[in-house]
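Here's a quick walk through the fold, strand by strand and helix by helix. Keep the structure open while you read.

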Amino acid sequence: MGILLMNDTDEDSSHFGCMRVMRSIREALAQRGYGSLPSLKVGTDWRSSAHEKAKIDAAKVLLINGEGTLHHEKRKGLWLLEAGERVRANGGKVALINALWQENPEHWANLAARFDLIYSRDSQSAAELSNQSGIDVAWIGDLSMFQWPETPDQIRNGVTVSCSVNRDVVKRLANFATSTGSAYVPVTPHIKHVSVHARGLKRMLRKAYVRNAEKRFLTKHPYTRLVQNDADYIAELCQRELLVTGRFHAVCMAILAKTPFVAIRSNSWKIQTLLKDVGLNPDRIQPVSALNAELLDKDWSFAKSEHEAIDASLRRWRADGEVMFDRIAGLTS
């Protein structure tokens with residue numbers, strides 16, 4: 001096995017931002033001669049599986065997609081680092097890319113410091129990991145923004161409201177959409193998710209629960225619209241004057257669509273740091289208490305400087321990303 005991709009976050013096309021991240025990784029490496037990459041799905045506890053251990057032991061290069069897993073000492077984050085340590089012990093090489101890094105213990109940083117290549121997905125994560133590990137950590141913006149979609153000029157009307165990783169914030173956002181007559185369009189094709197790790201009867205029961213929960217949600221929130229992929233989601237945003245969301249990847253896709261947005265904080269610093277890294281107005285981050293009709297009275301249009309900052313950031317991250325993928329491919333030689 002050449003390159004093994006770990007923390008594959010595209011679970012049955014269940015999250016549009018993750019779809020874009022994994023497509024970017026796979027297509028960039030396919031262009032460099034590494035197609036059909038084997039992978040371990042997000043949340044895989046490889047330590048208890050002989051089959052998954054064998055995959056890791058066969059890897060010449062372990063490519064870890066850090067994404068939103070390595071923060072606040074989450075146990076699934078440690079699984080990734082320990083897999084990297086195993087590959088290194090076997091004489092292989094390890095690349096950690098697209099990584100959020102926040103409030104992790106020092107021994108985690110010591111593990112990461114032994115990897116051959118590290119790229120975080122924001123400047124604050126790079127600074128924290130650099131300070132902990134004593135190495136210089138590079139960064140580029142999240143890989144959901146690596147590939148640029150077609151965004152035709154068109155008349156924009158109305159507001160789209162999206163979701164959050166926090167259940168209570170999801171309720172507040174959905175209620176806000178219903179009360180203001182705005183479209184509620186999550187970054188997922190369904191209201192709730194069935195994990196790829198659910199098997200047998202557990203999977204059947206979860207699917208039944210999801211169907212019933214979705215039916216109840218759609219009855220309560222009639223302006224909800226479910227789309228099936230990231231292209232449709234970006235097309236939705238391109239039609240709108242404003243996005244209101246609690247999702248990091250929804251903000252990423254709004255940046256691609258050049259759609260003004262207001263964001264509620266998520267479960268890490270990822271949204272506010274993205275705005276800082278691009279050079280966008282920090283007032284675009286609002287508390288959940290701001291979800292009322294008065295929010296829509298303000299003009300949230302991008303300033304000229306914000307448009308210029310978006311264009312410059314996307315160009316720079318695309319160029320730096322090409323260099324990063326060249327370096328990953330070079331680890332196999």
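## Strand S1 and its partners

Let's start with S1, which is mostly covered: six of its six residues are buried. Bear in mind that this is a predicted model. On one hand S1 runs parallel to S3, and four bridges join the two. S1 also pairs with S2, again in the parallel sense, this time over three bridges.

What is the phi of Asn-7? It is positive, at about 70°, although Asn-7 is not a glycine. As background, most residues other than glycine have a negative phi. Asn-7 has a relative accessible area of 2%, so it counts as buried.

## The six-stranded sheet

Zooming out, S1 belongs to an open sheet of six strands in the order S2-S1-S3-S4-S5-S6, with parallel pairing. Which strands are at the edges? Strand S2 (39-41) and strand S6 (138-139), each of which pairs on one side only. Further along the sheet, strand S4 (residues 93-99) and strand S5 (residues 117-120) pair in the parallel sense over three bridges. Here Ala-99 stands opposite Ser-120 in S5.

Two helices to look for pack on this sheet. Helix H3 (residues 75-89) touches strand S1 (3-8), strand S3 (61-67) and S4, and its direction makes about 165° with that of S3. Helix H11 (residues 304-330) touches S1, S3, S4, S5 and S6, and its direction makes about 155° with that of S5.

## A loop residue with positive phi

Glu-103 sits in the loop between S4 and helix H4 (106-112). Its phi is positive too, about 50°, and Glu-103 is not a glycine either. Is Glu-103 buried or partly exposed? With a relative accessibility of 49%, Glu-103 counts as partly exposed.

## The five-stranded sheet

There's another open sheet to look at, with five strands in the order S8-S7-S9-S10-S11 and parallel pairing. Strand S8 (183-184) and strand S11 (285-286) stand at its edges with a single partner strand each, so one side of each is left without a neighbour in the sheet. S8 runs parallel to strand S7 (residues 159-164), and two bridges join them.

Thr-160 is a handy landmark in strand S7. Its relative accessible area is 0%, so Thr-160 is buried. Which residues does Thr-160 contact, leaving aside its neighbours within four places in sequence? They are Ala-183, Val-185, Glu-236, Leu-237, Arg-240, Leu-242, Leu-243 and Val-244. For a sense of scale, Thr-160 and Leu-81 are 79 residues apart in sequence and 38 Å apart in space, C-alpha to C-alpha.

## Where H1 meets H8

Now for a pair of helices. Two packed helices are described by the angle between their axes and the distance between the axes. For helix H1 (residues 16-30) and helix H8 (residues 230-238), the axes come within 9 Å and cross at roughly 120°. That angle makes H1 oblique to H8, and the crossing is left-handed. The contact is made by Phe-16, Met-19, Arg-20 and Arg-23 of H1, together with Asp-230, Tyr-233 and Ile-234 of H8. By type, the residues of this contact divide into four nonpolar, no polar and three charged.

Asp-230 is worth a click of its own. It is found in helix H8 and is buried, with a relative accessible area of 4%. Leaving aside neighbours within four places in sequence, Asp-230 is in contact with Phe-16, Met-19, Arg-20, Arg-23 and Met-253.

Terms used
Residues numbered from 1 in each chain as written. Predicted model: local features only at pLDDT ≥ 70, side-chain atom pairs only at ≥ 80, totals over all residues. Heavy atoms only, no water. Axes fitted to C-alpha atoms, helices over the stretch in contact; angles between N-to-C directions. Parallel < 35°, antiparallel > 145°, perpendicular 65-115°, else oblique. Left-handed = near helix turned anticlockwise from the far one by under 90°. Contact = heavy atoms within 4.5 Å. Nonpolar A, V, L, I, M, F, W, Y, C, P; charged D, E, K, R; others polar. Pairing = 2+ DSSP bridges. Buried < 20%, exposed > 50% of the residue type's maximum accessible area, 1.4 Å probe, protein only.
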